[in-house]
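Open the model in your viewer and keep the selection tool at hand. Each stop below says what to select and what is there.

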Amino acid sequence: MKVFITDGTAEAFYTAVFVAYAEKGAIITSQENRQLSFDTEIINISADAKKAGRVRARLDKLDRYAAGDIDLALRSGDSLKEQAAFEYIKLIVQNGRAVRKMLSLPAVIELNDIIHRVKSELHNMKGFMRFMETESGALYAPYSPDNDITDLIAPHFKARLGMQKFVIHDVKRKKAALCDGKEWFMAEVGEAEIYLSEYERTFENLWKKYYSSVNIKERPHEKQMKGYMPVRYWKFLPEKNSPTE
Amino acid sequence: MLDATTLQILTESAKYDVSCSSSGSKRANTADGLGNASVGGICHSFTPDGRCISLLKILMSNECVYDCEYCPNRRSADVRRAHISPDEICELTINFYKRNYIEGLFLSSAVSGTPDKTMELLTETVIKLRKQYNFNGYIHLKGIPHADSALAMKAAKYVDRMSYNIELPSEKSLKLLAPQKTKDSLITPMKKLQTAIVYDRENKVKKGKVLPAGQTTQMIVGASPESDGQILRLTEYLYRHMDLKRVYYSSYIPVVESPLLPATPTGLLREHRLYQADWLIRFYGFDVNEICGEGENLSTEYDPKCAWALRNMHLFPVEINKAPLEMLLRVPGIGAKSAYKIIEARRFAALDFDNLAKMRIVLKRARHFITCKGRFYGSEGGALKAALLIDEKSRTDEQLSLFSTPSVALSALTGEL
């Protein structure tokens, strides 16, 4: 069995598809530490614009929306994302057309599930993102999403925050969307040093007060709360950290 | 700046209002403004009672001149009173919104002074928030009965949604339990707003639309003797003839001792069944007569769709590979998403039972009402009813356990108008 390992980029993935397509039982992954059986042959793939371009051209011809689906899927934190995308491409080629709506086929179900999880985190984070006001008046939001969605979520906040300067920082992937009040762009950001504005704690405490007051104590249903708002996101939510000061 | 205690009092007075939705509006941001509205709505947090926080839901004041029998803020109640100014509300909204704590503001008030004075202050606040603070996020404003409807019309130009709470499902009960509110004081402004909404819709007004997210209302169930059939007929009227977006129900619980009110709480199951029936009327195109007779109550044993299917077994089972969309939507357990998946998938290949399971169509109830490639996988007759009952029991237990304590009852109270 051959395992093709990519660096996680889309270009390397499409290159791997080009190389692996004719191989029987080939696996594509960006996870180097996956368990290997003794008869596994490892092939490291480095991005090749020409090979990737050929796969993309073929794919775009058969289904011009497929690359968009795959772009979403490759942002997933799921370790099987490349393989799912690979199977999906094979299915499109076999059928010679879009397979998006063949909703009973396992490869379609699998890719749709991965995309669904990326999209739903994107939606959830529009609600769960928390900004702090810094001394300079800029807003800073650290977070750690399961999927690589920062450049997808930035336009949402740009539209809302207007001329406000803001930073959305994916602390896990060490990247951030930075907005100077006019344009936003992506940058690599490791650690950020933040000085809070004078009123930041006041509003944070008012928010915590609001959160505890609006709850109906007599009707506890923590299970539902945790279902809608998973515990792994709480780290960045002031209302779920430390009691009101 | 606003102090924490005031915020607490005015939040606790507002929290029993059921509505928290921030959907239905796609208001855009302005050049130098803050905020926009997201048409699907966004939840920003969840409280330990499992409810979502979308809007900053507060009363401007809980000092009320009315004495509604069921309300904890009624004039004669012994509770802490507080109020906040328009500027304090605006500052709090802006600062919460900027930090992405909230999607917008849900502003209401007790009737403080006169209805006109109260409505004027509410209107002044939302106009200030839009014009002076340049806020373009979501605003839901509660209407004050008996206030000059010109004030409501003025406010409606600036907010996304308004609601007048009908409170009690008949005029007779309203007279008995909330004598200062009359049916006319609620319905008249709702109709005026409806006319304005319809005008904008028919003239395809794009900018400065009145109430882009429409109107909603809320009623207490079980404080008065109306049957589910009556309540649902009123609901259907509100949807079909007054263009309401949502009708909310809250089941009654005695918090206030009164000879006019029942001493026992209404089960939460009743509220739950009404929501299920409401959904069938609003979304699935059911006619109220198919669901519940006028003087009747909904079945407690089965959900309304299941009860309807059991009364209409001559229509089942339906073949999953052939049934039209309308019929798929009437199969118990199959909702809009599942119906869509089936319709799309079967265009490419005939579906068997295993396919449906892999597509994550919930088959626990549906299997008794469908065939796949002609094969039936369910039970019939007495065995069918037994199977459905067992399933229903496990579902409602799970859903209602959260409401099991009597003090939940508080949900009967809206804490405001």
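Start where the chains meet: this is a predicted model, and 48 residues of chain B are in contact with 40 residues of chain A. Select the chain B side of this interface. Six elements of chain B each supply at least two residues to it: helix 1 (4-12), strand 1 (45-46), strand 2 (52-53), helix 2 (86-98), helix 12 (336-345) and helix 13 (353-358). Which of them gives the most? Colour helix 1 of chain B: with five residues, it is the top contributor to the side that touches chain A. Now colour that side of chain B by residue class. You get 23 nonpolar, 15 polar and ten charged residues.

Stay with chain B and select by domain. Domain 1 covers 4-291, and domain 2 covers 304-414. Taken over C-alpha atoms, the centres of these two domains of chain B are 33 Å apart.

Move to chain A. The domain assignment gives domain 1 (2-121), domain 2 (129-188) and domain 3 (198-241). Pick domain 1 and domain 3 of chain A: 39 Å separate their centres, again taken over C-alpha atoms.

Last stop: helix 1 of chain A, residues 10-20. Which residues of this helix are buried? Show A:Ala12, A:Phe13, A:Tyr14, A:Thr15, A:Ala16, A:Val17 and A:Ala20; these are buried. Then bring up what covers them. The cover includes strand 1 (2-5) and strand 2 (27-29) of chain A. It also includes helix 2 (49-62), helix 3 (66-74) and helix 4 (81-95) of chain A.

Notes. Residues are numbered from 1 along each chain as its sequence is written. Chains are lettered from A and ligands numbered from 1 in the order in which they are written. This is a predicted model: local features need pLDDT of at least 70, side-chain atom pairs count only at pLDDT 80 or more; totals for chains, interfaces and linings use all residues. Two residues are in contact if their C-beta atoms, placed from the backbone, lie within 7 Å. Helices (H or I, at least four residues) and strands (E, at least two) are DSSP runs, numbered from the N terminus. Ala, Val, Leu, Ile, Met, Phe, Trp, Tyr, Cys and Pro count as nonpolar, Asp, Glu, Lys and Arg as charged, and the others, Gly among them, as polar. A residue is buried if 20 or more other C-beta atoms lie within 10 Å of its own, exposed if 12 or fewer, and partly exposed in between; C-beta atoms are placed from the backbone. Domain bounds come from an automatic or database domain assignment.
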